[in-house]
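Have the structure open as you read.

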Amino acid sequence: MSDVSREDPEEHEVRRARYAVAAVFAVHGAVTGSFATRVPWIQDHASLSAGQLGFALAFTAFGASCAMPLAGRISHRFGSRGALRGLIALWTLSLVLPGLAPNLYTLCLAMFAYGASAGMADVAMNALGVEVERLLGRSIMSGLHGMWSAGALVGSAAGTLAAHLGSDARLHFALAAAVLTLLGVLCAGQVLDVQPEEDEEPPPRFALPPRSALLIGAVGFCAVFAEGASLDWSAVFLRDRLDSSAGLAAASTTGFMLTMAVARIAGDAVVNRFGAVRTVRAGGVLAVLGGLLIVVAGHPAVAMAGFALMGLGIAVVVPLCFAAAGHSGPNPSQAIAGVATITYTSGLVAPSLIGGVAQATSLMVSFCLVTVLAAGLAVFAGVLRPGERGGTGEVEVSRRASAVPDPRP
């Protein structure tokens, strides 16, 4: 394959690379979906209380935050294709670790390694997605993250079946890891192979994110906060506040996830038509309307409609934040890693903060906070403007190799 740092590849190569990156996103999501369904088994196997389990799971975000800055260095050393192939394999194989942990301490170590491999692969595949987007000249990041959501749903469905059959999670994880590793490595072998210039300095192992990434990450923080709050607390909201049945409460979470997945897959057409800034502003308005419905809901159907609107409004924000970070300067890897770190932190903080506010006041007040943060999407969407050209969603990005080696939704 031609070296895209010096010469753009042929159109058919770009199309093939787009499908390959999309498949890698789906594989990445399938690992997350597989793990999430077996958390109760892991808790029982390690004999953990709810508080101990929450403590151990926090190491996932900690590991990701520590390791994500390394992705650029790895891509510089091995090229984008070799780096992604190795990192996606490391991520899929790490799925077996949590099931092997017999106690709190070993589970914390397992979750740190699990999160670290997740974060590095995340940065790598997003950076490649940004490069393919540049070559195509139109938005594709929302669709790529939609594939991640679709993969998570497939992994979750398989995990639910395994749990229903009463299978040992260690066997489930081993089989899933073997299949997903094979798929991930094969798909990663078809992505663009971006090599650095001969005289290019390798990126630092650790570096603070640029100021542009902090501003973009703040927008992503608002979206991921709303996502984490809705995923973890929507069912509880319907059960405790609206006296819904367990099945109906669970359906609200499933509906939120499906809305997010469908909106992401369809989101690129909207972004290409209206541009990232207007799309995020409109999404912020929808998310606020959804939050208001949740807060005032007196019937489960109203709350479920609110969560659906919330999912629709925030669905494309994180993909567009990664795209904007990748287009924001001469070192996209560093910027993408910075935005990813901020969004991972938001996903970690949101569930516990919502719970703390709810305990001190009520869940209604908690979702008032979510609604206020959702309004931030509409107010601060303008920071995504540097990734646009002419308001059509067409992107302009540096051709330097360092912009591609760091992939990451």
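## A serine in H14

Ser346 sits in helix H14, residues 332-360 (helices are DSSP runs of H or I, at least four residues, numbered from the N terminus). This is a predicted model, where local features need pLDDT of at least 70 and side-chain atom pairs count only at pLDDT 80 or more, while totals for chains, interfaces and linings use all residues. Residues are numbered from 1 along each chain as its sequence is written, and side-chain values use heavy atoms, with hydrogens and water left out.

Is Ser346 buried or exposed? Its relative accessibility is 0%, so Ser346 counts as buried (under 20% relative accessible area, with a 1.4 Å probe and protein chains only). Leaving out residues up to four places away in sequence, Ser346 touches Phe221, Val224 and Phe225 (contact means heavy atoms within 4.5 Å).

## H11 against H12

H11 (residues 276-296) packs on H12 (residues 300-314) at about 160°, axes 7 Å apart. Axes are lines fitted to C-alpha atoms over the stretch in contact, and angles run from 0 to 180 degrees between N-to-C directions. That makes the pair roughly antiparallel (over 145 degrees).

By class, the H11–H12 contact has 13 nonpolar, six polar and no charged residues. Ala, Val, Leu, Ile, Met, Phe, Trp, Tyr, Cys and Pro count as nonpolar, Asp, Glu, Lys and Arg as charged, and the others, Gly among them, as polar.

## H3 against H6

H3 (residues 50-67) and H6 (residues 104-136) pack at about 35°, with axes 6 Å apart. Their contact has 16 nonpolar, five polar and no charged residues.

Notes. Helix = DSSP H or I, 4+ residues; strand = E, 2+ residues; numbered from the N terminus. Parallel < 35°, antiparallel > 145°, perpendicular 65-115°, else oblique. Buried < 20%, exposed > 50% of the residue type's maximum accessible area, 1.4 Å probe, protein only.
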